[in-house]
Amino acid sequence: MEFNLEEGKHLYDECSTLILPALSIGNVGQLAVDLLIASTNAERIGCLDDPNVLPCVGNDAYIPTPQGDLALPLEAYESPSSALTLIQQRSPVVKGRMIEYAKNLADFAAACGKKHVIILSSLDFGRWQTIDMSSGQQIYYLSNTTVDGADDQCEKLGWKRMKEYDPNQKLWKYLNTLAEGSVSQDDISLLEDDLGEEDYYPSLPFAAMFSCFKAKGLKVTCLLCYCSEGDNIPDAFHLAEAACNLVGLRPDTFKGGGWVIPFSWQSVYGPPPDMSLF
């Protein structure tokens, strides 16, 4: 993975927390990062070039007036006022290359001096075992501050530890082995073969990223919410707000006085219907 710093830009030492998405159902993590970038007025400082991520290109996601800047698969943004570095991922990882990609991200974060990594992702609502909506939509978390994934700060915020996490489960242990040691293509492909019900969670991208950041000695927290495919913008707000709570940010202190809707969201579902048809 190569980090290409834009001309005239630099990394801010005060941005010691890194927030990034792990791709999953509904793209909630990516939408939440979009919302955080737009709302914190973060500036793009560069892009990451990784051979494990599929190429893509698109229009600027945040500025309505064309500036000639293209959106790329992996971009780094920083908001010194919020002490945040944010990475946005816009295309999927090549099949079978998730561990390699996660290890490259961990190397980048460690080289840049990041102290805390927050991974935002979603889980399949159809696999939610104990549904309790009495207190609204629930945030689940996974942390490496303790062996069992629990974290006192997350508990104080009212979130629930992902009970499906078991560091002694076969696939979780296998992920740790891959994250800490050498990786071969044959080893990685085993992650996608003969998976049982108990392997659903450790087979997701957030699990590989969690294991690799942990192996690098970084503090890492995964924030997760259950969702289905469809309009996941409310889920993105929910996850972005959770990230703010974790780092002690209040949306009403943002430059715009609250959440700023990314410009690209105006075309999430395409143009409106032609009313002459009705």
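Two residues are in contact when heavy atoms of theirs lie within 4.5 Å. The model used throughout is a predicted one.

**Exercise 1.** Locate Val33 in the secondary structure, decide whether Val33 is buried or exposed, and list what Val33 is in contact with beyond its neighbours within four places in sequence.

*Solution.* Begin with the position: Val33 belongs to helix α1, which covers residues 28-39. Next, take the accessibility, which is 0% in relative terms for Val33, and since buried means under 20%, Val33 counts as buried. Then turn to the contacts: once neighbours within four places in sequence are set aside, Val33 touches Ile19, Leu20 and Pro21, and also Leu86, Ile87, Gln88 and Leu120. Finally, consider Leu120 from that list, for which the C-alpha atom is 8.0 Å from that of Val33, although 87 residues separate the two along the chain.

**Exercise 2.** State how many disulfides the structure holds, and classify Cys15 and Cys47 by accessibility.

*Solution.* A disulfide is a covalent bond between the sulfur atoms of two cysteines. The number of disulfides in this structure is zero. For the accessibility step, Cys15 has a relative value of 1% and is therefore buried, while Cys47, with a relative accessible area of 19%, is buried as well, because the cut-off is under 20%.

**Exercise 3.** Give the number of aromatic pairs, then describe the geometry and placement of the pair formed by Trp172 and Phe210.

*Solution.* The count comes to 11 aromatic pairs. Trp172 sits in helix α4 (residues 170-180) and Phe210 in helix α6 (residues 205-215), so the pair ties together parts 38 residues apart in sequence. Trp172 and Phe210 are both buried.

**Exercise 4.** Carry out the analysis for Phe237 and Trp259, covering geometry, placement and the accessibility of Phe237 and Trp259.

*Solution.* The rings of Phe237 and Trp259 are edge-to-face, with 6.1 Å from centre to centre and 90° between the planes. Phe237 lies in helix α7 (residues 233-247) and Trp259 in the segment after α7, so that the pair links distant parts of the chain, 22 residues apart. With relative accessible areas of 23% for Phe237 and 25% for Trp259, each residue is partly exposed.

Definitions and conventions:
Residues are numbered from 1 along each chain as its sequence is written. This is a predicted model: local features need pLDDT of at least 70, side-chain atom pairs count only at pLDDT 80 or more; totals for chains, interfaces and linings use all residues. Side-chain values use heavy atoms; hydrogens and water are left out. A disulfide is a pair of cysteine sulfur atoms within 2.5 Å. Buried means under 20% relative accessible area, exposed over 50%, partly exposed in between (1.4 Å probe, protein chains only). Helices (H or I, at least four residues) and strands (E, at least two) are DSSP runs, numbered from the N terminus. Rings of Phe, Tyr and Trp (its six-membered ring) pair if their centres lie within 6.5 Å; planes under 30 degrees apart count as stacked, over 60 as edge-to-face and the rest as tilted.
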